[in-house]
Amino acid sequence: MEFRSGFIAIMGRPNVGKSTLMNALIGEKIAIVSEKPQTTRGRILGIAGGADWQMVFVDTPGLHKPRTKLGTYMVKAAEDALDGVDIILAMVTAGEIGAQDRAIIERLGRRKESKILAVNKVDAVSRETLLAELNTLHEVPYNAVIPISALRGDGLDELQNMLRTHLPEGPRYFPEDSVTDQPERVLCAEIIREKALLNLREEVPHGIGIEMQAITKLSERLTEIHATIYCEREAHKRIVIGKQGSMLQRIGSAARLDIEQLLDTHIVLRLWVKVREDWRNRPEDLRTLGYE
Ligand code: GDP
Ligand code: MG
């Protein structure tokens, strides 16, 4: 029996549900999800596999117009994600396919790789809207157009089967049972960032970065984590800390629960907040915080 494997780039505008889909397909939460666009900053690999196949998903930052250096890095990461992939999985939101989506669909449609178009969030539109929209996609040069709900799981079996039929022959790239290439340190930092994004509003979220200081295993059942949340302004720092530390506490306890799940141990999480002005435009800061 031949082994089939391949790299699959998940492409689409911010917020279409790329990270949600990747987590659903690999059955574990490794990419952070948020209602705020541009949540995913780097390139995260998600891995799913069976007895004779392995899929390596590349979750990319959404395709969008860059405004800061971080934005430039994110667009480049999205485009770099296409180097060496076997299948392009383009994603759009049902009922909301606009000019930008069509431009992305068309641009990706010219590529030589196998291409599948997933129309996500079908749970949020009527059947009529969906059918009418699917009709407008009849002619796109993709191997398949598949309506799904990454959140509810609708259509994911069909999508996975379709992906499997397009996998080329190939090796097992990662050990069996792995779900990601990312070290625990990075996953933990991403969880803390997700909880900060969930709890903070407006201009603060995009200005924060997480630096992990230490992950120390104190015993078989207890690990201590020290991390710093960087923000761009003194005023933001006050918001992140909150009244008598209430906001920081909320972010910390939500993050702790997810990290305990991930690492399967009790966690003591110690968070600090520091100001580092304009870090998003400073290459050396981007590096410290895990970008590039
Ligand atoms: P990304 O920016 O493309 O990675 O999108 P995310 O995965 O972070 O998801 C953006 C938002 O869309 C989150 O609030 C998700 O919960 C939501 N979402 C993702 N998939 C679905 C879906 O199938 N149905 C609905 N109703 N919402 C979804
Ligand atoms: Mg994402």
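The shell around ligand 1 holds five nonpolar, seven polar and four charged residues. The model is predicted. In total, 16 residues surround the ligand. Asn15, Lys18, Ser19, Thr20 and Asp123 are the closest. Helix α1, which spans residues 18–26, gives the most to this shell. Its share is three residues.

Oxygen atoms of ligand 1 take part in several polar contacts. A polar side-chain atom of Lys18 lies 2.8 Å from one such oxygen. For Gly17, a backbone N or O atom lies 3.0 Å from an oxygen atom of the ligand. For Leu151, a polar backbone atom is 3.1 Å from a ligand oxygen. On its own, ligand 1 has 590 Å² of accessible area, and the protein covers 87% of it.

Elsewhere in the description comes a sheet. This sheet is open and has three strands, in the order β7-β8-β9. Its pairing is mixed. Strands β7 (209–219) and β9 (266–275) form the edges, and each pairs on one side only. On average, neighbouring strands are turned by 15 degrees against each other, direction ignored. Strands of a sheet pair through backbone hydrogen bonds, either parallel or antiparallel. Between β7 and β8 (residues 222–231), the sense is antiparallel, over nine bridges. One bridge joins Ile215 to its partner Ile225 in β8.

Two helices lie across strands of this sheet. Helix α6 (residues 184–199) lies across β7, β8 and β9. Helix α6 runs at about 120 degrees to β7. Helix α8 (residues 246–263) lies across β8 and β9, at about 135 degrees to β9.

Terms used
Residues numbered from 1 in each chain as written. Chains lettered and ligands numbered in written order. Predicted model: local features only at pLDDT ≥ 70, side-chain atom pairs only at ≥ 80, totals over all residues. Heavy atoms only, no water. Near = heavy atom within 4 Å. Polar contact = N/O pair within 3.5 Å; in protein donor to acceptor, adjacent residues only side chain to side chain. Areas by Shrake-Rupley, 256 points an atom, 1.4 Å probe, with all protein chains shown as cover. Helix = DSSP H or I, 4+ residues; strand = E, 2+ residues; numbered from the N terminus. Nonpolar A, V, L, I, M, F, W, Y, C, P; charged D, E, K, R; others polar. Pairing = 2+ DSSP bridges. Axes fitted to C-alpha atoms, helices over the stretch in contact; angles between N-to-C directions. Contact = heavy atoms within 4.5 Å.
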